[in-house]
Amino acid sequence: MATPLESWVGEAAGLTKPDRVVYCDGSAAEFQRMIEHMLGASDTFELNEKTYPNCYLHRSTVNDVARTEHLTFISTTDKDDAGPTNNWMDPEAAKYRVGALFDGAMRGRTMYVVPYIMGPVSSPISKIGVEITDSPYVVVNMRIMSRMGKVAMDRLGSSAEFVPGLHSLGDLDPMRRYIVHFPKEKLIWSIGSGYGGNALLGKKCFALRIASVMAREQAWMAEHMLILGLESPGGKVTYMAAAFPSACGKTNLAMMVSALESQGYRVWTVGDDIAWMKIGDDGYLYAINPEAGFFGVAPGTGMLTNRNVMQALRKNTLFTNVGLTKEREPWWEGIGAEPGPGMISWKGELWDSSKGPAAHPNSRYTVPAQQSPSISSKWEAPEGVPISAFIFGGRRARVAPLVYESFDWQHGVFVGATMASETTAAATGDVGITRRDPMAMLPFCGYNMADYFGHWLEMGRKIPKPPKIFHVNWFRKGADGKFLWPGYGENVRVLKWILERVEGRGAAEETPIGYVPAKNGLTLDGLKVSNGALSDLLRVNPADWESEMQDSRQFLIKFGARLPREIREEHEKLSRRFQGLVPA
Ligand code: OXD
Ligand code: MN
């Protein structure tokens, strides 16, 4: 009798009509075969085998360079279950409309069946997915980003416990591009894009959108969070998970080279994008990184901003949409060296500075996580790591201070729910617009966000030893329009204060929005930040917060009666705390 996997593969093949079906085993030989095949097309190139061994550059189609949120749908019978922040499609309509596009889409192509595990192979928190795809680029990326092939098949056996994801490049026309999630069936359909989160279905589609639904059903958490361990003098490591919107420096924070290393503070990387968390027997919340690699934004990454990843990506790395130097090395803006003549841009044209950036602003590297010198010895611990602090953050030129601590869990959930950030190139659309992005999950929550806030509040009642909740903003600017905080490795100073607060130490001052570091609270020795800049960084300006509260109210109103009472209460409490402080 056919296994559930075989039945689904049969169904998918019946619909998409590929010339052949290949089950991927995840071996190195298979990887090489796929790469050979890709090199035969005009969009993939081998890099310098001396300086970048086993590294390749892939160029995607010019209209397929980022996640397309406006073409991403949550397909529930009741529109309200998708909520006001998701695009919605009725499941039957989606099956009909998108099914028509899948019909015969793989004719003349190979269908690859890619079984994968999200999470360490033997972790009880891990889950299995199977992606069917006609893109060899997707297969080689999935081999880096997940535990793919035989290991997954061995764990799956003849079980039906896997999340199916059907992907086809289709004709790559955005007019016929759909990324559809069926939360009830735990099924993903994606057609018309070969790029990143649209096509590597284990990442945003499964590990966040579908997993967030599972997490609510099963009392755990699937979050858009990096996981890091902060080692303090004496060797103790305290784990923190942090949510930032796309392209706000999550990878850099997770892989930070600490400016306080000589004082015994070091950062260890567990994950850079997603955390799956369950309550452990000891009452702490335990996190695993469901991914096995980093799919990071290349521009802005250099030896000064992220030395660890720069070292990691010297081998076994796939680059997408970066520039290619005459020496056949990858290049992007911010890499730290000027390119020589003869560079080819991400579009495949001879580049000069009049032609715009050489690398697309959302160009990426896909690199095995274990190659980072900063990788934590616990990154594959089956039980995960206990989380002591959650950190929310955004890119805000004004308003949010460098760091503050929420008063309690409920207030922390409100802080996360009203988080905002200026948009970046990680998704198509305008860049630099401030948008509300609760818990950095706006594009990734697989159900009504009001219910998601409710789930957070519920988890707070369930976790005996909940993480403390903080908010950070590395991007605050002074009156001269310049960043006030140096960021990168210096951010460890903020992590140190967070650690001290977790341990019940750390000098703090109470403000209406929470606790900010007292004047002497942050360790600033060896850093050139003037007293004036420090006050600006930590300032809670009532007038700014008044407009902030109006804006967040407008956002929260969208959820109507479904918004949890506690969130509304926190908004009212915040207004009350500011009363009398705002100049008339
Ligand atoms: C990502 C994103 O690629 O958040 O991680 O867009
Ligand atoms: Mn992300």
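How do the residues of the lining of the largest pocket divide into nonpolar, polar and charged? I started my notebook here, and the answer is 22 nonpolar, 16 polar and eight charged. By the convention I used, Ala, Val, Leu, Ile, Met, Phe, Trp, Tyr, Cys and Pro are nonpolar, Asp, Glu, Lys and Arg are charged, and the others, Gly among them, are polar.

A note on the source: this is a predicted model, where local features need pLDDT of at least 70 and side-chain atom pairs count only at pLDDT 80 or more, while totals for chains, interfaces and linings use all residues. Residues are numbered from 1 along each chain as its sequence is written, ligands are numbered from 1 in the order in which they are written, and side-chain values use heavy atoms, with hydrogens and water left out.

**Entry: the pocket.** I looked up its space and found about 880 Å³. A pocket is an open set of points on a 1 Å grid over the protein atoms alone, with protein on both sides within 12 Å along at least five of seven lines; a cavity is a set where a 1.4 Å probe fits but cannot get out, and lining residues have an atom within 4 Å of a point. Among the 46 lining residues, A247, C248, G249, K250 and R395 lie nearest the centre of the pocket. Helix α9 gives the most to this lining, with four residues; helices (H or I, at least four residues) and strands (E, at least two) are DSSP runs numbered from the N terminus.

**Entry: the metal.** I then turned to the manganese ion (ligand 2), which K204 (NZ), H224 (NE2) and D273 (OD) coordinate at 2.2 Å. Donors are N, O and S atoms within 2.8 Å of the metal (3.2 Å for Na, K and Ca), and since water is not among the atoms, sites may look incomplete.

Entry: Of its 18 lining residues, Y404, V415, T418, W545 and E548 are the closest to the centre. Helix α15 (542-557) supplies the largest share of that lining, four residues.

Conventions:
Points joined across faces, edges and corners; volume = space filled by probe spheres on them.
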